[in-house]
Amino acid sequence: MKIESNTIDPKSKSGSIKLIPNNSDDIYYLSLIILPGDRVSSYTTRKISLDGGKTQQKKTMKLEIKVESAESDLEAGIMYVKGKTCCENEFVRIGSYHTIDISVGNGFVLNKTDWKNSDIAKIKECCKEVPEIGFVVFFEKDCVLSTVSSNDIKTVYKEEIKNKNFKEIILNTIKIKNKVKNVVIASTSDIRAEFYKLLVKQDPSIDKVSTMIKLTGDYKGLPNSKVISKILSDKSMLTSLQHLKFVDDLREVQKFFNTIDLSREEVCIGLKEVSEAMDYGAIKILFVTDKFCKPKTVPEREFADAFIRKAGDLRAKICIIPIGLDLGQRLESIGNVACSLSFNYK
């Protein structure tokens, strides 16, 4: 989420805030914040009648409605807000019903007469969320830049390597550096050293947040997601990343699977077993996939949030693992949910 402007009065808690949602997570939280009686305004395109209704023409205009209802499609990243127009417009009469689409990447203004502190806090929290690790992986013919967090693995830039022209790769790496806690630069050949030399020359500060990794021959031929997954599963390659929560979560889930291989007494697998462990207060570490955390409907998302919040209330450690990684795929294969126990209640 990005805040474009904020005119909320700190005393009366009334006013408006202009927002741009960045992903479906933002759409979900907005579905909990935007309520009937709020006002939403945005630029939209409508067909209008001209010449007494003889012709029609599309016009882009600003509409403001008083919210009566809303529906969200988290898979598409759109929230459909319905209500009556409440401001004068030369093409749309006041009091007519319209729907404003709030979608990823498009700004809108939300006005409330009484903002809750929790809603303001949630919006600010969404604005702070950033990926933890950036990856710059050089393959034989191209270079792929990605960001990785507990939410997902996202490819942000890809370019074919020609005559070792790194200009655009360097510019995009610097952009990633400003959003993550660490940048991993990896290759099987020595090209990473040549790239790094030019990168540091362009931005010396990257030296403090970067990790250079020489990939062994068994990395050749693997797709980008598998390369990242393999790096994050290799303890010998992660000494400089141990302080990152995401890396710690991966280490914990690996320990969990090692425990399963030895015994089932200290673990629970699947939603039913884990829910039972919660009822006994026996949960120590909760493991969930990003798929479990981010289902496609708002009711399912509300259930997942409540489930994870309950584990947090029991002071359990929460580890969210993206299914784009091998460990995430293994967790998905056993039901997307599992936990280690603080004591055996069975």
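Let me start with a rule: a disulfide here is a pair of cysteine sulfur atoms within 2.5 Å. By that rule the count for this structure comes to zero disulfides. Before I go on, please keep in mind that this is a predicted model, in which local features need pLDDT of at least 70 and side-chain atom pairs count only at pLDDT 80 or more, while totals for chains, interfaces and linings use all residues. Residues are numbered from 1 along each chain as its sequence is written, and side-chain values use heavy atoms, with hydrogens and water left out.

I will call a residue buried under 20% relative accessible area, exposed over 50%, and partly exposed in between, with a 1.4 Å probe and protein chains only. On that scale Cys87, at 32%, is partly exposed, whereas Cys143, at 0%, is buried.

Now to the interior. In soluble globular proteins, nonpolar side chains tend to be buried together. A nonpolar core, as I use the term, is a set of buried Ala, Val, Leu, Ile, Met, Phe, Trp, Tyr and Cys residues joined through side-chain atoms within 4.5 Å. The largest such core has 31 residues, and those with the most contacts inside it are Ile133, Phe135, Ile231 and Leu232. Several elements give two or more residues to this core, including strand E8 (133-138), strand E11 (182-187), helix H5 (224-233) and helix H6 (245-262); helices (H or I, at least four residues) and strands (E, at least two) are DSSP runs, numbered from the N terminus. The largest share, six residues, comes from H6. At least three residues of this core are drawn from each of domain 2 (133-240) and domain 3 (245-341), where the bounds come from an automatic or database domain assignment. Apart from this core lies another, of 29 residues, with Ile17, Tyr29, Met79 and Ile102 among them.

Six of its six residues are buried, so E8 is largely enclosed by the rest of the structure. Which residues cover the two faces of E8? On one side Ile133, Phe135 and Val137 are buried, and on the other Gly134, Val136 and Phe138 are buried as well. As for its neighbours, two strands pair if DSSP finds at least two bridges between them. E8 pairs with strand E9 (residues 142-148) in the antiparallel sense over six bridges, with Ile133 opposite Val148 in E9, and a hairpin of three residues joins E8 to E9. E8 and E11, on the other hand, run parallel and are joined by six bridges, with Gly134 standing opposite Val183 in E11.

Turning to the aromatic rings, those of Phe, Tyr and Trp (its six-membered ring) pair if their centres lie within 6.5 Å, and planes under 30 degrees apart count as stacked, over 60 as edge-to-face and the rest as tilted. The structure holds nine aromatic pairs. One of them, Phe166 with Phe195, is edge-to-face, at 5.5 Å centre to centre and 85° between the planes. This pair links distant parts of the chain, 29 residues apart, since Phe166 is in the loop between strand E10 (153-160) and helix H3 (167-177), and Phe195 is in helix H4 (residues 191-202). Both partners are buried, Phe166 at 3% relative accessible area and Phe195 at 0%. Ring pairs also bring in Phe138, which forms a cluster with Phe166 and Phe195.

Lys112 lies over the face of Trp115, at 5.6 Å from the ring centre, and the charged end of Arg301 sits over the ring of Tyr29, 5.6 Å from its centre.

Finally, two backbone details. Arg315, in the loop between helix H9 (298-313) and E15, has a phi near 65°, a positive value in a residue other than glycine, and is exposed at 80% relative accessible area. Asn336, which is not a glycine either, has a positive phi of about 75°, but Asn336 is buried, at 14%.

Note on methods: Lys NZ or Arg CZ within 6 Å of the ring centre and 35° of its normal.
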